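Let's take a walk through a protein model together.

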Amino acid sequence: MLFNSTSFLIFLPIVFILYWFVTNRSLKAQNCLLLLASYYFYSCWDWRFLFLLAFSTALDFFTGLKIYEAKNIRWKKIWLAISVGINLGFLGFFKYYNFFVESFADFIQVFGFRPNITTLNIVLPVGISFYTFHGLSYVIDIYYDRIKPTTNWVQYSLFVSFFPLLVAGPIERATHLLPQVERPRVFKYHQAVDGLKQFLWGLIKKVVIADNCAEYANQIFNNSDQYSGGVLVWGAILFAFQIYGDFAGYTDMALGTARLFGFELLKNFNYPYFSRNIAEFWKRWHISLSSWFRDYLYIPLGGSRKGLWMTVRNTFIIFLVSGFWHGANWTFVVWGGLNALFIMPSVIWKSKNKSTITVAEGRLLPSLKETGQLLLTFALATFAWIFFRAESLSHAFDYIGRIFLLESDYNPFHYAELKGSKLCLLLLIPFILVEWLGRENNYAIETLGFRWPRVLRWVLYALCLFIVGMYMHTGGTEFIYFQF
Amino acid sequence: MKKFLLNSTLFSCFASIIYIASLLIVGKLAPTYLKPNLPAGFERRNGFSYTRYREAESTTQKDVLFLGSSHAYRGYDPRIFEKAGFSSFNLGSSSQTPVQTLFLLRKYIDRFQPKLVVLDIYPVLLNSDGVESTLDLMTNAPIDFSWMRLALTVNDIRVYNTFVFSLFKKLLSEEIQEQSRYDGVDTYVEGGYVETFKVITLPYNSLKANKYQLNENQYEALLGIKRELTVRSIPFRIFQAPVLPGRYAKATNVEHIDSLMAGLDTNYINFNKHVLWSDSLFADDSHLNQYGVDVYNKQILQLLPAHNAIDNIISKK
C-alpha cells in the first residue's frame, strides 16, 4: 500500500476514526489497533514476509531482555552477538546473497577458474533494511545501558512496525519513539492540522516532482548512449530531484501521518540541496541513517578521537558501508566512496561548517559566496548520484564520459521524447522557490500563509491539491527507497 | 477533535469548489502542455463518438446491439442487418474495453431493449486500463452524474478531471459544436457505424509480435456483462472481428484468448479463423473496410441461425 494510493486514502481515515473514537479510552487498545493496522499495511505487499517481520521483532524483544538481565559482560556480549548476527544474517541473505556469489565468481574468473555458481531468485522483503536497523539500535542501546528494555510485547512490536515508518523510515531510535508508544496520546488540533499539511507537501514532492522527473530521468539514463552531454547533465539533475522528491516526500508523508496519531517521528531531511558543502549535505540528507551510522559505527570505531588518519579511515568506512546498505551493487559502494572523498576537505581541515545554521538565515537571498557554495555542493551531489542511478559501473563511467564529449545538440528539448521535460523545469522552479522560502521550517509550507486570513490560507492548500490533481504523474512509480 | 472534524469537512467542501473553478479556468485558458491531466484532443476526434452517443439518446428498441472498440463501430453495418430484417445499433467507441462496455450496457439496455447483444473483443485491449476509451466517452457523450460510476471504476486522475470538466462545461451550456458526418476518409452512418472505402497500402511494416493478456478488471467486467444479460434473459455473443492476416499471425497466444472467451459460454466465434481474409478487405492492419464489412456481416448472418440467435430474435418479435 502506497501513501499516494487510493487504498491508503481509505485505510487512513478508517484507522484514524477507530483510533480516536473507538479505542481512545485505552492505551493498550490504541496500540493494538495501530499494530494490527501496521501488519495489515505491510501485508499488502506480501503477507508471507509478515513472519520475517514478526520473527525479527521477537528476536530483538527477547535478546533485549536477555542482555538487560545478563549477570556479566560476557553474557551481554553473547546475547548481543546473537541478535546482531541473526539480524545481519537475514539482511545479508535477502539483500546480498546473489551479490556476494556473483562477485566471488567474477573474482576467481580472473585467475582462470570457471566456477559453476548458483544464484537464487530471492525476493527482497520491503523495508527489511529499515526494521532491522530499528531492532539493532534497540538492542545496542540496551547493551550500552542507554535504555531499559520494555517488557510489553505490543509496545515493542509497534515501535518496530509502526506503519508510517515501517517500509522506508525514518530509522527511529527506541530512546525517541518507545516513550511515545508507552504514554497515552492526546489529540491535539494543531498537531493534526500540521500533519495534514506536511502530508500534502510530501505528496506534491512525490507525485508532482519526483514522478514527473522520473519519467525523463529514466528515459535519459536508460538510453544514455543516444544523448549528448547537455542532455545527460539534464538527466542527472532530474534524477537529483527525483530521488529528493521521492524520499523526502515519503518522509514528509510518514511524519504527517504519524502526527495524526499523536506521534512525532525523527526529522529525516533538512533541505539538503541548500547545503554549503558535502559535510553539511550529509547532516541534512537521510539524517536518521547518517546519525545511525555515526552512533553505532563511526563512534565505536573511534570517531575523530584518534587522530587525522583514523578519522579519515572511519569516515571512509561509514560512507562505504552506507553505500552498501543502499543496495547490492558496486555502484552504491562507489557512490559512498565518492561522498567520502568529497567530504574530506571538511574532515582534513576540520572546517567548522555551519551545518546547524540555515544558509542565508534571516535573509531573502544568499550572498555571492554562498550561492557559489550551494551550486558547487549541488553539482558534487548530482555527480555522485550518477553512480547511484546507473545500472553498473561501466554504465556510470560511460555516462560521465559522454558528458564531456563535445557533441552538438546539447539542448534536451530538441529531442521529441524529451520535449515534455519542459514541464519538469516549469514545476521545479516554483518548487525550489517554495523550498527556499520555507527552509527555516520543518517543511516548506509549514508557515506559508501563517498570518493570512483563514480563507486565503485555505485557498492556498486547495490550490496545492489542484496542483496534485493536474500535475501528478499518471504512470505511477514506487518509492525508490522501498528497494533498500 | 470536534473542531478538527468540522474544519476538515468545511475545508473539503471549500477545496472542491476551488478545485473545480481552477479546473475550468486552466481547462479553458492554459495551453495543452500545461494541463497534462486534462488531456486534449478527444473532442470530435475520429470515431464519431459525439454523433453516435447523441443519436443513441434519441433511439429506442433495436433487435441487435453491438458493443466494443473501433472493431465494433467499423465492423458491424446496421444497413446490412436491416436488409436481413433486423434493426440494430452500434454502441462501439474507440478503444472500448469490457469495463466501458459494462457501463454502457447498463446505461442503454433499457432504452434499446435488444434481443441479441454482440460484444466484439479486440484482445489487445483486454489488458488495457481503459483510460483512453473513458476519456473519449466522457469528452464526447452527453454525460451526467451517473458517469461517476465509470470514473470510479477506472480510477485515474485524468478521468476524474475530464469527468468534472465535461460535466461543468455541460452545466454551463458549453456543449461542443455539431460534428460533421464525413471527415475526409470516414463517413458516419446512422446507427453508430463508421464506413470507409480506404484500402490498406502494403507492405505493412509495423507489425510486431504480440502476446495477448487479460487483466483481472477486464475479466470481471466480462463476467459482469454476462451476468447483466443473463438476468434479463438476453442472448449474448462474443465475436472477434478479423484483423489483417499478417497481423493476426504475429499474435503468439490466440488459443489462450480463444479458450478464455469460449469458457464464458457465450458461443464465441473468432472470425480470423473462419474465413481466409484477403488483404484488400482491410482499411489498415486492424480494421476492415466496407468491402470487408460486407463479407464479414454476411458471414455473421449465415452463422447466427446455427447459434439459435436469429430464432430468438424472431420469436421475440
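Predicted model: local features only at pLDDT ≥ 70, side-chain atom pairs only at ≥ 80, totals over all residues.

Residues are numbered from 1 along each chain as its sequence is written, chains are lettered from A in the order in which they are written, and side-chain values use heavy atoms, with hydrogens and water left out.

Find the place where chain A touches chain B: 27 residues of chain A are in contact with 25 residues of chain B (contact means heavy atoms within 4.5 Å). On the chain A side, 13 residues come from H18(A), the largest share; helices here are DSSP runs (H or I) of at least four residues, numbered from the N terminus. Sorted by class, that side has 23 nonpolar, 3 polar and 1 charged residues. Nonpolar means Ala, Val, Leu, Ile, Met, Phe, Trp, Tyr, Cys or Pro, charged means Asp, Glu, Lys or Arg, and the others, Gly among them, are polar. What about salt bridges between chain A and chain B? The count is 0 (the rule wants a side-chain nitrogen of Lys or Arg within 4 Å of a carboxyl oxygen of Asp or Glu).

A cavity is a set of points on a 1 Å grid over the protein atoms alone where a 1.4 Å probe fits but cannot get out, and lining residues have an atom within 4 Å of a point. Of the 16 residues lining the largest cavity, those closest to its centre are Lys205(A), Asp252(A), Phe269(A), Asn270(A) and Asn442(A). H10(A) gives the largest share of that lining, 5 residues.

Note on methods
Helix = DSSP H or I, 4+ residues; strand = E, 2+ residues; numbered from the N terminus. 1 Å grid on protein atoms, 1.4 Å probe; cavity = no way out; pocket = protein on both sides within 12 Å on 5 of 7 lines; lining within 4 Å.
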